[in-house]
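Let's take a walk through this model, from its domains down to single side-chain pairs.

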Protein chains: 2
Amino acid sequence: MKAWEKNVRTVVPYVPGEQPNQPGMIKLNTNENPYPPAPGVASALREMDAEALRLYPDPAASDLTGALAERYGLEEDQVFVGVGSDDVLAMAFMTFFHSGRPILFPDITYSFYDVWADLLRIPYECQPLDENFNIVKENYKKYNGGVIFPNPNAPTGIAQDLTDIEYIIQQNQDVVVIVDEAYIDFGGESAVSLIDKYDNLLVVQTFSKSRSMAGMRIGFAMGNKSLIKYLNDVKYSFNSYTMDRTALVLGVEAVKDEAYFQETTEKIIQTREWTKRELKKLGFHFADSCANFLFVTHEKYLARDLFEALKQKRIYVRYFNKPRIDNFLRITIGTGQEMQALVDFLKAYTAQ
Amino acid sequence: MKAWEKNVRTVVPYVPGEQPNQPGMIKLNTNENPYPPAPGVASALREMDAEALRLYPDPAASDLTGALAERYGLEEDQVFVGVGSDDVLAMAFMTFFHSGRPILFPDITYSFYDVWADLLRIPYECQPLDENFNIVKENYKKYNGGVIFPNPNAPTGIAQDLTDIEYIIQQNQDVVVIVDEAYIDFGGESAVSLIDKYDNLLVVQTFSKSRSMAGMRIGFAMGNKSLIKYLNDVKYSFNSYTMDRTALVLGVEAVKDEAYFQETTEKIIQTREWTKRELKKLGFHFADSCANFLFVTHEKYLARDLFEALKQKRIYVRYFNKPRIDNFLRITIGTGQEMQALVDFLKAYTAQ
C-alpha cells in the first residue's frame, strides 16, 4: 500500500448489473421498458440544435421540473430532478439522513440502500419482510434517523397499501420518510397524494421504467417546498449542472405525451398478467407483482439452473445470490412476443 | 423549525452563476466556447436511435474512456468520466480527501473547492497567492490531507510552470494531488505527462471549455490505474449510470475530431491575444492569461461600474464580490466579432 492510499475512502465496490449486448437476445434482466420512448422524443432529438450544446444548461432544469409539476399537480418548487433516481436518492441520503441515528429499510429491497449508507457512513438497521415478503409496518415505529422503502418493493414487486404507508409516515414525523416509487406506474398507488399532508415525505420516481428512458438518466423527487430546497442546496453544492441539454429537452417530451405513457404502461400490465397466468400453469410461484417484473420461484427447479439455461438461449433474467432470495428469478416484462418466447422455453424446460 | 429539519445536512447554498438568455446578448460570463461542437457531434445527434434510449447506458462508459485514452496516450483504465468536471471533482474529494487532515488550495481559486469541502466536512486551509496572483509552491509543503489547484488558475488565468507543479507533487507523496486543468488547452502545459511518474497525481479536464460542450456535462480524470479504480468504486456506489447515451455518443465525436479542436482552440488563443493588446491600450491591467478568459482591472474605473455598464448593453461578464478580487472582471474570450463589440464599448466608455 502506498502512503497516499491510507487516506482514501475505500468501499466494497458496487458491481452494476450485467448489460449484455448480444444479437437476438431477449433482455429481461434490468427492468427496462420494451417500448421506445414517446414519439415526441425521437422528433425532439432530430430537431435539437447541436450548436447550443456549447452553452451550459439551465441549472434549475425549469422546463423539466415545470412539466413534471404540471403532470403531478404540484408547484415547480416541489420538484427536484437528478441523473436517474439513483442520483436523486444518493442526494436525499446525503441531505436527510444526517442525524447519526440508524435509518430503517427492509432487509429485502433495492440493493443500493445499504451501499449508499455505507458510502456516506450512515448507520442502518434492516427490517425483515414477513414470510410473504410484505413490509411489516410496525417495524418502522422505533428509534431511527429516517426511513426509506420502495413501493412496489424491489425485487419482489409487491405494492403496499397507501394506508400502511401513511401509518409509517405518521409514526415518523421527526425524520424524513422516502418512498421510492420507481415502479409505481405499473399498478401501485402513489404517495404523491400525501405530500400536502406530510411535510416530511419525499416521493422519488424515475424515467427509466414507465417512461422508457433508462438511457437518458432522469429521476425526480416530489415533496414540500422546504424539503426540495434542502435537496437543491446540497445538489448545488455538489454539482450545479447535472442535467445535460438533451436530457432536459427529451425529458419534457416524455412527460408531455400522457396518452402514449398510458398506452405503453397498460400494454406492459396486460403482458404481465398474461405472463402470470402462463407461469402459474408451469408450476411457478410468485407474489402478485404490481411492477414491470415478476419475482418467481419454482417448486421443482432451482433458480440458478433456470437462470443459466435461459442465458444459454440468450434470454437474460436477473438472479440474486443473496440469503432468502437465492431461489428466485426476477423477470422483466418485455413485449408480448418476448414473453411468449420465455414461456415457450420454460414450457419445454419443465416438460423434460 | 420542524422536528425532521434537525436531522438535515444544511449547507450555505452555492448559487450558480447567472445564465442570462437575452436576444442579441454577448455572453462572456461563464467561459463557454464561442464555437459550436465539432461537426461530427451534430451528425451523431441527428443519427441517434431514439429507440435505444429505453435501455441503460454502458455503466463503464467504455467508448468514451477508450476515445480519451487513445487521445491522451493512456490505457482505458487510467481514465474516469463524470457529469462535468464538477462531478468528477466532487467524487475525487469524496474518495481521496478522507484523512481528516486539512486539504490545501489557493485562497483565490475555483469557487467550488471550499463548497465541496464544507459539504463533505473536509477541513481545509487556503494558501495565499502572491501579490501577482501566482501560486507559491512552498506553501504546499506542509502537513495536509491532500492538495488541489487549477492550472491555469481560475479566475486569474495564470498558468504555473510544470516544474513548479512537479515540485508540489514531489513534496506530497503521501496524499493525492489533483491538478484541475479545465483551461489547459488554451496555453498551459498539462501534467498528464507526469502521470506515469507519480501515482498520487490526478489530472482533471472537461469538455465544457475547449471542446464546446458545456451543455453536455462531460468531465474526466486521468491517473494511474489504482487511483482510477478507487474513484470508480466510489462512483459505482453513488450512481452506477451517470453518463446518458447522448453524452457517451456525442463525447466520442468531440474527442475524435482533433483538427477541429486544434483549429477552434487556436482561434480563441488568437482572439485572446488581440483582446489583450486592445485592452492594454485602454488602460486595463491583467495577468498574462493562458485560459479562455481575461481577468482584468482598470486604473481608473471600478470593476463593479464597468460590469453594470456592460450589462446595460447586454454584454455579460463575471464580477466576483470577494476580497482581493472585487475590482476585477473576468471576461470570457468570445468570437472576434464579440470581442470587437466589447472593445468598442469600452473604448467609448473610457473616452467619456
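What follows covers ground rules, domains, sheets, cores and salt bridges.

## Ground rules

This is a predicted model, so to speak with limits: local features need pLDDT of at least 70, side-chain atom pairs count only at pLDDT 80 or more, and totals for chains, interfaces and linings use all residues. Residues are numbered from 1 along each chain as its sequence is written, chains are lettered from A and ligands numbered from 1 in the order in which they are written, and side-chain values use heavy atoms, with hydrogens and water left out.

## Two domains in chain A

Chain A splits into domain 1 (18–37 + 259–351) and domain 2 (39–256), with bounds that come from an automatic or database domain assignment. Their C-alpha centres are 25 Å apart. Domain 1 of chain A puts 27 residues into the contact and domain 2 of chain A puts in 31 residues, where contact means heavy atoms within 4.5 Å.

How much area is buried between domain 1 and domain 2 of chain A? About 2,200 Å², with carbon and sulfur atoms giving 63% of it; buried area here is the accessible area (1.4 Å probe) that two parts lose on being put together, summed over both. On the domain 1 side of chain A, Pro37(A), Phe261(A) and Arg324(A) lose the most area to domain 2, together 30% of what that side buries. One salt bridge turns up across this domain interface, the term meaning a side-chain nitrogen of Lys or Arg within 4 Å of a carboxyl oxygen of Asp or Glu. Arg324(A) also meets Asp107(A) in a salt bridge between side chains, at 2.8 Å from N to O.

## Strands and sheets

A word on naming: helices (H or I, at least four residues) and strands (E, at least two) are DSSP runs, numbered from the N terminus. Two strands pair if DSSP finds at least two bridges between them. Strand E8 (residues 219–222) of chain A has antiparallel links to two strands described here: four bridges to strand E2 (residues 79–82) of chain A, and four bridges to strand E7 (residues 201–206) of chain A. Gly82(A) sits opposite Gly219(A) of E8(A), while Val203(A) sits opposite Met222(A). Within E8(A), Gly219(A) and Ala221(A) point one way, Phe220(A) and Met222(A) the other, and all are buried; buried means under 20% relative accessible area, exposed over 50%, and partly exposed in between (1.4 Å probe, protein chains only).

There is also an open sheet of four strands in chain A, in the order E9-E10-E13-E12 with antiparallel pairing. Strands E9 (284–286) and E12 (318–319) of chain A are at the edges with a single partner strand each, so one side of each has no neighbour in the sheet. E9(A) runs antiparallel to strand E10 (residues 293–298) of chain A, joined by three bridges, and Phe286(A) has Val296(A) in E10(A) as its bridge partner.

## Nonpolar cores

A nonpolar core is a set of buried Ala, Val, Leu, Ile, Met, Phe, Trp, Tyr and Cys residues joined through side-chain atoms within 4.5 Å. The largest one has 183 residues, and those with the most contacts inside it are Leu64, Leu279 and Leu329 of chain A, plus Leu64(B), Leu279(B) and Leu329(B). Apart from that core lies another, of 74 residues, including Phe105(A), Tyr230(A), Val11(B) and Val204(B).

Leaving aside neighbours within four places in sequence, Leu64(B) has contacts that include Val81(B), Phe207(B), Ile218(B) and Met243(B).

## Salt bridges

Over all chains, the whole structure has 32 salt bridges. One of them joins Glu166(A) and Lys197(A), at 2.6 Å from N to O. Glu166(A) lies in helix H5 of chain A and Lys197(A) in the loop between strand E6 (177–180) and E7 of chain A, so the pair ties together parts 31 residues apart in sequence.

Glu278(A) bridges to Lys281(A), with closest N and O atoms 2.9 Å apart; the two are three residues apart in helix H8 (residues 258–281) of chain A, which means about one helical turn separates them. Glu308(A) pairs with Arg304(A) at 2.7 Å, four residues apart in helix H9 (residues 303–312) of chain A.
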